[in-house]
Amino acid sequence: MYRHSVTTAGATVATERTDVLRFGRLRLQFWVWGRFDVRGGRITMWRDSFDYLNLTRALVRGLAGVALPGLRPAPPTSPGAVPGRH
């Protein structure tokens with residue numbers, strides 16, 4: 001996981017990140033945003049969401065990277081990198 005931004009508003013935290021799933025040589029990288037609420041020092045609600053088109057693109061690129069290693073996605077280079085575009 002590579003965090004791009006974290007924002008808080010009271011007890012609510014919002015995140016924007018790139019998640020990475022690895023299955024052997026298959027690497028999927030896709031953009032995810034999440035929200036969680038904290039009460040009494042404990043997370044009481046957690047929601048993550050992603051774009052199916054972005055996930056599908058990550059799957060296609062990951063499968064292509066298995067056959068041609070030069071096409072494997074690279075990790076984000078910085079926190080300011082555009083999510084899901086690596």
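Which side chains does a polar contact of 2.6 Å join? Those of His4 and Thr18. A polar contact is a pair of N or O atoms within 3.5 Å; within protein, one must be able to donate a hydrogen and the other to accept it, and residues adjacent in sequence count only if both atoms are side-chain atoms.

1. Basis. This is a predicted model, where local features need pLDDT of at least 70, side-chain atom pairs count only at pLDDT 80 or more, and totals for chains, interfaces and linings use all residues. Numbering runs from 1 along each chain as its sequence is written, and side-chain values use heavy atoms, with hydrogens and water left out.

2. The sheet. Four strands make an open sheet, ordered β1-β2-β3-β4, with antiparallel pairing. Strands β1 and β4 (42–50) are at the edges; each has a single partner strand, so one side of each lacks a neighbour in the sheet. From one strand to the next, the twist averages 30°. Strands (E, at least two residues) and helices (H or I, at least four) are DSSP runs, numbered from the N terminus. Two strands pair if DSSP finds at least two bridges between them. In general, strands of a sheet pair through backbone hydrogen bonds, either parallel or antiparallel.

3. β1 with β2. Strand β1 (residues 2–9) runs antiparallel to strand β2 (residues 12–23), and seven bridges join them. Arg3 has Arg17 of β2 as its bridge partner. Ala9 is opposite Thr12 in β2. The two strands form a hairpin with two residues between them. Gly10, in the turn, has a positive phi of about 65°.

4. β2 with β3. Here twelve bridges pair β2 with strand β3 (residues 26–39), again in the antiparallel sense. Arg17 faces Val32 of β3 across this pairing. This hairpin also has two residues between the strands, and Gly24 takes a positive phi near 65°.

5. His4. His4 lies in strand β1. Its relative accessible area is 14%, so His4 is buried. The cut-offs are as follows: buried means under 20% relative accessible area, exposed over 50%, and partly exposed in between (1.4 Å probe, protein chains only).

6. What is the N to O distance in the salt bridge of Arg17 and Asp48? It is 2.8 Å. That pair links distant parts of the chain: Arg17 is in strand β2 and Asp48 in strand β4, 31 residues apart. Arg17 also forms a salt bridge with Asp19, whose closest N and O atoms are 2.9 Å apart. A salt bridge is a side-chain nitrogen of Lys or Arg within 4 Å of a carboxyl oxygen of Asp or Glu. Arg17 is buried because its relative accessible area is 6%. Asp19 is buried too. Asp48, with 40%, is partly exposed.

7. Salt bridges overall. The structure holds three. One of them joins the side chains of Arg35 and Asp37, at 3.3 Å from N to O. Arg35 counts as partly exposed at 36% relative accessibility, whereas Asp37 counts as buried at 9%. Shared partners join Arg17, Asp19 and Asp48 into one salt-bridge network.

8. Aromatic pairs. There are three in the structure. Phe30 and Phe50 make an edge-to-face pair, 6.1 Å centre to centre with 70° between the planes. The pair links distant parts of the chain, with Phe30 in strand β3 and Phe50 in strand β4, 20 residues apart. Phe30 is buried at 8% relative accessibility; Phe50 is partly exposed at 34%. The rings of Phe36 and Trp46 have centres 4.8 Å apart and planes at 10°, so this pair is stacked. It too links distant parts of the chain: Phe36 is in strand β3 and Trp46 in strand β4, ten residues apart. Rings of Phe, Tyr and Trp (its six-membered ring) pair if their centres lie within 6.5 Å; planes under 30 degrees apart count as stacked, over 60 as edge-to-face and the rest as tilted.

9. More on the rings. Phe36 is buried, with a relative accessible area of 16%. Trp46 counts as partly exposed at 43%. Phe30, Phe50 and Tyr52 form one aromatic cluster.

10. The helix. Helix α1 (residues 52–67) lies across β3 and β4, and runs at about 145° to β3. Axes are lines fitted to C-alpha atoms, for helices over the stretch in contact (heavy atoms within 4.5 Å). Angles run from 0 to 180 degrees between N-to-C directions.
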